[in-house]
Structures are given as C-alpha cells and as structure tokens.
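Visitor: I would like to go through this model with you at the level of individual residues. Could you take my questions one at a time?

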Amino acid sequence: GLTTYYGDYLLFRSGVFTEQQYFQTFDERLQKHFDNFGRFNLSVADSSFDTWLDGYAPGIPNRKTNIYDEGNLLAFVTDMFIRRNSKNEYCLDDVMRHLYKEFALKGMGFSEEDYKGCVEHYANASYDTIFQEYIHGVKNYESLLQEAMDYVGCELSLFPSTKFQESSLGFKVLDMAGVLKVSAVYPDSVSDKAGLSLNDELLAINHIQLKADGTGTGFSEWCSYFSKETIELTVSTMGIIKKIQLKADADKYYKIAQIKKKTGATDEQKRNFENW
C-alpha cells in the first residue's frame with residue numbers, strides 16, 4: 001500500500017498528474033475501500049499475510065480487504081499523522097529514506113516494529129492506535145480519513161450512487177461478455193435479505209426481458225422506472241431459475257466517495273496542502 005500511495009502521489013508531486021488527475025486516482029482508492037466490506041472482517045495486515053496463501057484470488061465475498069487500496073489510504077493517514085505531530089518538519093518521505101539508508105543499503109530487511117518505531121521517531125508521538133486498531137484491526141477508520149484530509153484543507157464527500165439498484169436496492173451489476181450479472185451485494189440490504197447472490201444472471205425485470213447494453217445503463221433505467229413498486233427479478237443462479245422480489249426502503253446503500261478541497265479552508269490548511 002505504501003508503494004501504491006507513492007505511485008500516485010509522486011506523479012502529482014512531479015507535475016505529471018494535475019491536481020484533478022491525482023484526486024481522481026484518490027477517489028478510485030476511496031471507492032474500492034467503501035465498496036469492500038471485507039475491511040470489517042480481515043485487517044489489511046492479515047489480508048497481506050493471506051496474499052501469500054492464495055495470491056490475489058478474491059475468494060469468499062467480503063472475507064478480506066484489498067492490501068493496495070487499504071494500504072494506500074493508511075499510508076496517507078500516516079503521512080498526515082507525521083506531518084501534524086511534527087508541525088510539518090517531517091513526513092512519510094523521511095521514514096522511507098531512513099529505512100532505505102539504515103536497512104536496504106546495509107543489506108538488511110526490516111520488521112513491522114522497525115517501521116512503527118521509525119514512524120514514531122519522526123512524528124514524536126505514539127503510533128499505537130493506528131497500528132493496532134486500523135492496520136492490525138478492523139475498526140472503521142472513516143474518521144481518520146476525515147481528520148487526515150482536514151489537515152490539508154480537504155474533505156471526504158459521500159453521496160448516494162445515481163444508480164437506483166445500487167443506492168436503494170443494494171446490488172451492483174456488470175455486463176460480463178454480453179450477460180448481465182450481479183457483481184456485488186451490499187450486506188444486509190434488501191437484495192441480500194431477498195436472496196440475490198453474487199454472479200446471479202439477470203434475465204428479466206417485472207416480466208420484461210433484459211438485454212445487456214454494454215454498460216448496464218438500461219437495467220438501471222428499468223429499476224428507476226419501477227422504483228415506486230415491487231420489483232420482481234427473474235434470475236439464474238447456477239442454472240436454477242428463480243424469482244426474487246425487491247422493494248426499496250429508506251436506507252441508502254452504495255455511495256460515491258470523493259476527496260475535494262474545502263471551500264472555506266484556512267490559510268494554515270492551505271499551507272499544509274502546499275507543503276504536502
């Protein structure tokens with residue numbers, strides 16, 4: 001995740017990425033974070049260890065998190081942690097340089113405790129909470145992201161998906177080789193409770209045959225059209241045809257996540273952003 005963070009961030013710092021392009025990549029990481037509920041089941045540290053067992057196979061839905069997306073966001077949080085506590089005297093760059101000089105150039109590897117100690121050295125503050133609860137734990141760190149963004153005059157924006165089936169029914173759809181299939185189901189949503197499953201093939205909606213259009217837009221429009229009534233989906237689950245009835249409730253499920261600059265950022269926050 002640290003390499004993922006720097007991969008995007010250095011393109012921004014070097015001028016290859018514009019601010020808008022960098023924020024777009026940041027939004028993609030945020031979206032994957034909020035769409036992956038495995039983050040509440042297996043920590044990014046344990047998911048990283050798990051990668052040595054099964055490679056990058058997705059496995060059981062929501063079982064583990066993505067080490068690159070989660071690691072990227074936690075690297076950003078750590079960078080802001082060091083900057084805030086050192087009053088911008090140090091940052092994550094200093095940690096990377098230290099590990100390179102004191103370990104890599106001497107032909108040595110380093111442990112996670114070495115990394116933790118290095119972060120604490122430059123921040124002059126305890127890294128225990130982030131390390132134990134968010135890197136080795138599965139605690140929701142939305143507040144950490146908000147706090148980190150706030151330091152550089154930015155904010156996290158969350159708003160409902162514009163696709164009715166995502167925001168109001170709780171499932172995502174993809175066109176897979178000309179076939180409409182369920183690509184994700186939000187835990188405990190109306191779709192989840194009704195029995196809709198990952199990879200279900202969508203055949204019809206309220207007795208109207210569905211055809212893939214390459215984008216899934218047509219299906220989303222049909223869902224919106226029937227939004228005020230019960231939606232009956234005809235699906236194929238591993239070759240078994242079944243009917244699933246869905247009725248939207250007041251909850252909003254899948255949301256769009258974005259980082260954006262605050263309109264009322266203070267002079268200090270603006271200086272922090274430029275320093276970053």
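Visitor: By class, what does the lining of the largest cavity consist of?
Guide: The model is a predicted one, and a search of the whole structure finds one cavity of 30 Å³ or more. That cavity has a volume of about 100 Å³ and is lined by 14 residues, with Arg-39, Glu-70, Tyr-134, Gly-137 and Tyr-141 lying nearest its centre. Sorted by class, the lining has six nonpolar, five polar and three charged residues.

Visitor: Which residues of helix 7 are buried, and where do they sit around its axis?
Guide: Helix 7 runs over residues 128–135, and its buried residues are Ile-130, Phe-131, Tyr-134 and Ile-135. In an α-helix there are 3.6 residues a turn, so residues three or four places apart point the same way.

Visitor: Which residues does a second, separate core include?
Guide: Besides the core of 48 residues, there is a second core of 21 residues, which is separate. Its members include Phe-171, Phe-219, Cys-223 and Leu-246.

Visitor: With which residues is Leu-30 in contact, leaving aside its neighbours within four places in sequence?
Guide: Leu-30 is one of the residues that touch the most other members of the largest nonpolar core. Once its neighbours within four places in sequence are left aside, the contacts of Leu-30 are Leu-73, Leu-145, Met-149, Leu-156, Ala-257, Gln-258 and Ile-259.

Visitor: Is Asp-79 buried or exposed, and what does it touch?
Guide: Asp-79 has its place in helix 4, and it counts as buried because its relative accessibility is 0%, with buried meaning under 20%. The C-alpha atoms of Asp-79 and Asp-93 are separated by 8.2 Å, although these residues are 14 apart along the chain. Not counting residues up to four places away in sequence, Asp-79 touches Tyr-5, Tyr-9, Cys-91, Leu-92 and Trp-276.

Visitor: What covers the buried residues of helix 5?
Guide: Helix 5 comprises residues 92–102, and its buried residues are Leu-92, Asp-93, Asp-94, Val-95 and Leu-99. Val-95 is also one of the residues that touch the most other members of the largest nonpolar core. What covers the buried residues of helix 5 includes helix 1, helix 4 and helix 6.

Visitor: What is phi of Lys-87, and where is this residue placed?
Guide: Most residues other than glycine have a negative phi. Lys-87 lies in the loop between helix 4 and helix 5, and it counts as exposed because its relative accessible area is 71%, with exposed meaning over 50%. Its phi is a positive value in a residue other than glycine, near 55 degrees.

Visitor: What phi does His-207 have?
Guide: The place of His-207 is in the loop between strand 4 (201–205) and strand 5 (208–209), and at 65% relative accessibility His-207 counts as exposed. Although His-207 is not a glycine, its phi is positive, at about 70 degrees.

Visitor: How many residues apart are Gln-245 and Gly-153 in sequence, and how far apart are they in space?
Guide: Gln-245 is found in strand 7 (residues 240–246) and counts as exposed at 53% relative accessibility. Leaving aside its neighbours within four places in sequence, Gln-245 is in contact with Ala-194, Thr-230, Ile-231 and Glu-232. Gln-245 and Gly-153 are 92 residues apart in sequence, and from C-alpha to C-alpha the distance in space is 45 Å.

Key:
Residues are numbered from 1 along each chain as its sequence is written. This is a predicted model: local features need pLDDT of at least 70, side-chain atom pairs count only at pLDDT 80 or more; totals for chains, interfaces and linings use all residues. Side-chain values use heavy atoms; hydrogens and water are left out. A nonpolar core is a set of buried Ala, Val, Leu, Ile, Met, Phe, Trp, Tyr and Cys residues joined through side-chain atoms within 4.5 Å. Buried means under 20% relative accessible area, exposed over 50%, partly exposed in between (1.4 Å probe, protein chains only). Contact means heavy atoms within 4.5 Å. On a 1 Å grid over the protein atoms alone, a cavity is a set of points where a 1.4 Å probe fits but cannot get out, and a pocket is an open set with protein on both sides within 12 Å along at least five of seven lines; lining residues have an atom within 4 Å of a point. Grid points are joined across faces, edges and corners, and a volume is the space filled by probe spheres set on the points. Ala, Val, Leu, Ile, Met, Phe, Trp, Tyr, Cys and Pro count as nonpolar, Asp, Glu, Lys and Arg as charged, and the others, Gly among them, as polar. Helices (H or I, at least four residues) and strands (E, at least two) are DSSP runs, numbered from the N terminus.
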